[in-house]
Amino acid sequence: MAKKATLEESFDALEEIIDVLQTGNLTLEESFQKYEEGMKLVKNCNDAIDKVEKKLQIINGEEEA
C-alpha cells in the first residue's frame, strides 16, 4: 500500500498540475485528467487541514479548562 502524501507534497503536486494546465499544451482529455488529479489532491489537503484544526480545538479546549 502506498503511503499517503504529506500536505507539503500535495501542495507541490498541485503547483505542478497548475503549471501544466496553464501552458495550454494539453488535449482536452489530458486537461480533464489533470483536473481530476488536482481535485483529489485538494480533497486530501482539506482533510489534512481539518484534522489539524480539530487537534488544535482539542488542545485549546484543554488549556481553557
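So, Ser10: at 3% relative accessibility, this residue counts as buried (buried means under 20% relative accessible area, exposed over 50%, and partly exposed in between, with a 1.4 Å probe and protein chains only). Bear in mind that this is a predicted model, where local features need pLDDT of at least 70, side-chain atom pairs count only at pLDDT 80 or more, and totals for chains, interfaces and linings use all residues. Residues are numbered from 1 along each chain as its sequence is written, and side-chain values use heavy atoms, with hydrogens and water left out.

Ser10 sits in helix α1 (helices are DSSP runs of H or I, at least four residues, strands are runs of E, at least two, and both are numbered from the N terminus). What is Ser10 in contact with, leaving aside its neighbours within four places in sequence? That would be Ala5, Leu41 and Cys45, where contact means heavy atoms within 4.5 Å.

Now over to helix α2, where we find Gly38. Gly38 is buried too, with 7% relative accessibility. Skip its neighbours within four places in sequence, and Gly38 touches Leu14 and Ile17. From Gly38 to Val20 you count 18 residues in sequence, and 11 Å in space, C-alpha to C-alpha.

α1 covers residues 7-23 and α2 covers residues 28-64; they pack at about 155 degrees, with axes 9 Å apart. (Axes are lines fitted to C-alpha atoms, for helices over the stretch in contact, and angles run from 0 to 180 degrees between N-to-C directions.) That makes α1 roughly antiparallel to α2, since over 145 degrees counts as roughly antiparallel, under 35 as roughly parallel, 65 to 115 as roughly perpendicular and the rest as oblique. Among the contact residues are Phe11 and Leu14 of α1, and Leu41 and Val42 of α2.

And the whole chain? Its secondary structure comes to two helices and zero strands. The C-alpha atoms fill a box of roughly 55 × 30 × 15 Å, taken along the principal axes. Of the 65 residues, 9% are buried. That's my tour, thanks!
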